[in-house]
Amino acid sequence: MARKRKEWEERGIDMTPMIDCVFQLLIFFMVTTVFAVQSGLKVDLPQAATSDAPPEKDLSITISDKGEMDLNGTRVTLDNLEEQLRIQKDIFGSKVLIIKADKKTFHGIVVDVMDAAKVVGIDQLAIATEEEEKDKNK
């Protein structure tokens, strides 16, 4: 009996199962972690004399100069825009759509988006702009 105890003390504690569990937990958290992603489209907004920051919970569509669209972080096309607007409108309960179109975007695409919003029942449309930089010499 004393011999078995002495062997046990000489071998020490086997750390392999604990290290396996730690690595599995590490891999689990690395795979399941979701990072907040901003809109994937980079747009250059036109400038205006006045500009207000839009509220966060309104619907927002970003249109790139190439006509790519992003509705509240979801890529959409003109074909599925109405469907996605209905879904997003039901989720947020908003009747305001903020259009963030690049200043080089074709006017026809913006009009198509406005038409789709009206069909879905979104009554209020806003076009996002950036405030003009004041001339420092004045």
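# Notebook: a predicted chain, residue by residue

**Entry 1, S94.** I began with the side chain of S94, which reaches the backbone nitrogen of V96 at 3.1 Å, a polar contact in the sense of a pair of N or O atoms within 3.5 Å, where within protein one must be able to donate a hydrogen and the other to accept it, and where residues adjacent in sequence count only if both atoms are side-chain atoms. I noted that the model is predicted, that local features need pLDDT of at least 70 and side-chain atom pairs count only at pLDDT 80 or more, while totals for chains, interfaces and linings use all residues. Residues are numbered from 1 along each chain as its sequence is written, and side-chain values use heavy atoms, with hydrogens and water left out.

I placed S94 in the loop between α3 and β5, with helices (H or I, at least four residues) and strands (E, at least two) taken as DSSP runs numbered from the N terminus. S94 counts as buried because its relative accessibility is 6%; the classes are buried under 20% relative accessible area, exposed over 50% and partly exposed in between, with a 1.4 Å probe and protein chains only. Not counting residues up to four places away in sequence, S94 touches K57, D58, L59 and K89, contact being heavy atoms within 4.5 Å.

I then looked up the overall layout, which comes to 4 helices and 7 strands, running α-α-β-β-β-β-α-β-α-β-β from the N terminus on. Of the 138 residues, 26% count as buried. Among contacts between residues at least 6 apart in sequence, 71% join residues at least 24 apart. The accessible surface comes to about 10900 Å², of which 56% belongs to carbon and sulfur atoms; such areas come from the Shrake-Rupley method with a 1.4 Å probe, and for residues only the protein chains shown count as cover.

Which residues touch the most other members of the largest nonpolar core? I found I61, I63, L85, L97, I99 and V113, out of 18 residues in that core, where a nonpolar core is a set of buried Ala, Val, Leu, Ile, Met, Phe, Trp, Tyr and Cys residues joined through side-chain atoms within 4.5 Å. At least two residues of this core come from each of β2 (59-63), β3 (69-71), α3 (81-92), β5 (96-101) and α4 (107-120), and α4 gives the most, with 6 residues. A second, separate core has 5 residues, among them V43, V96, I98 and A128. As background, nonpolar side chains tend to be buried together in soluble globular proteins.

I found V43 in the loop between α2 and β1 (47-48), and S64 in the loop between β2 and β3. Their C-alpha atoms are separated by 5.5 Å, although the two residues are 21 residues apart along the chain. Beyond four places in sequence, V43 touches T62, I63, S64, K100 and D102, whereas S64 touches L41, V43, D102 and T105. S64 counts as buried because its relative accessible area is 3%.

A101 lies in strand β5 and is buried, with a relative accessible area of 10%. Again leaving out residues up to four places away, A101 touches D44, L45, P46, I63 and V110. The C-alpha atoms of A101 and D65, 36 residues apart along the chain, are separated by 7.6 Å.

N72 lies in the loop between β3 and β4 (74-76), and I noted its phi near 50°, a positive value in a residue other than glycine. N72 counts as partly exposed because its relative accessibility is 27%. T74, in strand β4, is likewise partly exposed, at 29%. Apart from neighbours within four places in sequence, T74 is in contact with M69, Q84 and Q88.

Last, I looked up a nonpolar patch on the surface, formed by I13, M15, M18, I19, V22, F23, L26, I27, M30 and V31, with about 1100 Å² of accessible area together. Patches are made of residues with over 30% relative accessible area and no salt bridge, like charges being joined within 9 Å and nonpolar side chains (Val, Leu, Ile, Met, Phe, Trp, Tyr) within 5 Å; a salt bridge is a side-chain nitrogen of Lys or Arg within 4 Å of a carboxyl oxygen of Asp or Glu. M15 is found in the loop between α1 (2-11) and α2 (16-32), and counts as partly exposed because its relative accessibility is 41%.
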